[in-house]
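User: I would like to learn how to read a few backbone and interface features in a model. Please take them one by one, with the general idea before the case.

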2 protein chains.
Amino acid sequence: MPSIKKVAEVAGVSVGTVSHVITGSVNVSEALRAKVQAAIRDLNYHPNHVARSLKTSKTRTLGIIVPDMTIPFFPQVIRGAEAAARDKGYSLIAVNSDDDGERQKELLSLLRSQRVEGILLVIAAAPTPLSQLTKILDASIPVVCLDRIPDRVPVDSVSVEDTDAAEMGVSHLIHMGARRIAIVTGPITLKNERRRVQGYKQALQKAKIPVDDGLIWAGNLRPEDVSAICREKLSGTGRGPDAVFSTNGPTALGALRAFRDCGLQTPRDIAFATFDELTVDDLFTPSITTVVQPAYDIGFRAAQILLDRIEGVATERESITLRLPATLKVRESSRVLRASARL
Amino acid sequence: MPSIKKVAEVAGVSVGTVSHVITGSVNVSEALRAKVQAAIRDLNYHPNHVARSLKTSKTRTLGIIVPDMTIPFFPQVIRGAEAAARDKGYSLIAVNSDDDGERQKELLSLLRSQRVEGILLVIAAAPTPLSQLTKILDASIPVVCLDRIPDRVPVDSVSVEDTDAAEMGVSHLIHMGARRIAIVTGPITLKNERRRVQGYKQALQKAKIPVDDGLIWAGNLRPEDVSAICREKLSGTGRGPDAVFSTNGPTALGALRAFRDCGLQTPRDIAFATFDELTVDDLFTPSITTVVQPAYDIGFRAAQILLDRIEGVATERESITLRLPATLKVRESSRVLRASARL
DNA sequence: GTCAGAGCTTGAATCGTTTCAAGCCCGGGC
DNA sequence: GCCCGGGCTTGAAACGATTCAAGCTCTGAC
């Protein structure tokens, strides 16, 4: 591949001049500019970002670490972040941590070595030691946490209004007539999950329904495991729930499969609502009532904050906490008779 | 951030020695090695890949251009490619072209400037001029095409056995009793789509069913558009189809929404099968019969071929063409009575 | 006609690595 | 005791850009 030196030689000017033409930072006479541009075209020259970055110590690249891109929520987040980055001429490197703390550590180190200028991080669910977190944060490179918010660590973060969103979903189920509502969660090591459970409790309390801890089903993010947990709970003796609320996409899949396996029909036998679109929610029969997170916006806003930090626009010492509202899409799975038949 | 020079200073050795410890390319005495490693730890030093790449002109990075990561097929491909890359110590940069030829061009240029060592490319559906394609390919950097195969251009490629896979799906519908089978496709500018149509025709011919061009519904990749096309065709006068086969995920969504809008139930009123899992196919009521592509493997194998080219293992002059078989998941949507009632 | 200064253009230093060639040290063979 | 050679270690060049300071060429004012 041709270098700037080759271009200078062909154009008959100095490398400095070629550089000035490319970056546009210094005026160059029309005559020389034309010669340089012709040479660039003839040689099919592409400036070497590697060399440029070394000199300027700016890579104009951001990194984003997500648990798993095959979970539909995350690609939307990434696209949002990508759009915000592109607006400012930055690129985005997306990688998967598989919710593994060790892998997350490797990736942080890798991105650091690649000299990305900032990192968007969805913390791995496998408990990330506090020590590691603090190390990430005083890494002298800006980090914004997305979706999942670390405990007790001051850091910029963007996520949904977990508590409100969960309360909205559960209140809707109550409004539709459900009274014994179970909640199936992801790992409760995650603060978000705990906040969603809190929203669930708030909704019950406002409706004067006692909270039954036996209806809080804590799980993980593997649909198969969640499915097993739900099957067990649903087939137990005693009164089962008349509705289930799920706190994210993977657990929703687990819960729905458990319903199927237990021969429960929705909403006839059991009402259902969940966080996060399953991409085809509207096509399900019945269609699924969903608390929709503004995934694209979460990515977009987080990247904006990160870029503001990088470019020194956001100079606040304290961390920025942004919580975006969710919206409720009411569909068939929550269509329960008022004053439910289940008593 | 500390540089290798700082490490050398702290460890009391030369930068050369530090470099040798890091790369392991030259023997270093145990005593010095220990001092260097201590210094690295103390300083929290991360080697600067930018400088290393400049010197070695190796970035150990691959790029992958997909149309849109929010289509569930692509994240799986990316994860496959990521795994193959990681096996050899490479990283992967994933970007979205939005099926836009212009954007694709920009991205290729960007990746080139970033000096990725090879590119995995899912060609944009918006017709890519032949001139641009050839330019990509003699780019002096290896390219492997995935999923979508360009016409008339010799290039390494990995994709599914389109024709066989489509024939398998359509034959299954025939076997289940369908006789008037419509096919709804993506943009027929794509060779793959044309091959899938060919598979459809082969299945019909083998069953001695005449091909009716009025049942070949060519569309695009926007579910809304496909939906509109299907609604129009389905509500037309005359005998409608008794089954529909869809050639990819986005068109499947469009078709299913059209069924819903036209009040058609599956499989009672119309049988259905499609290429590509909709992530929750098994949960649909009815569940959807699907021709499943080995998405992860497509990404994995493509990245392997690319890496072989980069590392000079694959030295064939001719291009490598790899076609992987699909598998058929039979589910409820294709459960049609033999000797169908629709006459 | 001279000189100041504006405006281009240029050469050289520099970024943080890798790597080559050269230097150093030490032990063993004669 | 001397010399040879092997094995570590080191210093310096080089990768391809940016950028600073200095040099050059004009133009315009006096």
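Analyst: Helices and strands here are DSSP runs, numbered from the N terminus; a helix is a run of H or I with at least four residues, and a strand is a run of E with at least two. The model is predicted.

User: In which loop of chain B does B:Pro267 lie?

Analyst: B:Pro267 sits in the loop between helix 11 and strand 9 (271–275) of chain B.

User: What kind of peptide bond joins B:Thr266 and B:Pro267?

Analyst: Most peptide bonds are trans. B:Thr266 and B:Pro267 are joined by a cis bond, with omega about -5°. In chain A, a cis peptide bond likewise links A:Thr266 to A:Pro267, and omega is about -5°. The loop that holds A:Pro267 runs between helix 11 (249–261) and strand 9 (271–275) of chain A.

User: Is B:Asp99 buried or exposed?

Analyst: The cut-off for buried is 20 or more other C-beta atoms within 10 Å. B:Asp99 has 20 C-beta neighbours inside 10 Å, so B:Asp99 counts as buried. A:Arg60 has 17 other C-beta atoms within 10 Å and is therefore partly exposed.

User: What rotation superposes chain B on chain A?

Analyst: A rotation of 180°, with 0.0 Å of shift along its axis, brings chain B onto chain A with an RMSD of 0.1 Å. This is therefore the relation of a two-fold axis. Both copies use the same surface, since 100% of the contact residues of chain B recur in chain A.

User: How many residues does each chain give to the contact?

Analyst: The size of an interface is often given as the accessible area lost when the parts come together. Here the description is by residues: 39 come from chain B and 39 from chain A. On the side of chain B that touches chain A, the elements of chain B that each supply at least two residues are helix 4 (49–56), helix 5 (73–87), strand 2 (91–96), helix 6 (101–113) and helix 11 (249–261). Sorted by class, that side of chain B has 18 nonpolar, 15 polar and six charged residues.

Conventions:
Residues numbered from 1 in each chain as written. Chains lettered and ligands numbered in written order. Predicted model: local features only at pLDDT ≥ 70, side-chain atom pairs only at ≥ 80, totals over all residues. Contact = placed C-beta atoms within 7 Å. Nonpolar A, V, L, I, M, F, W, Y, C, P; charged D, E, K, R; others polar. Buried ≥ 20, exposed ≤ 12 C-beta atoms within 10 Å, placed from the backbone. Least-squares fit on C-alpha atoms with pLDDT ≥ 70 in both.
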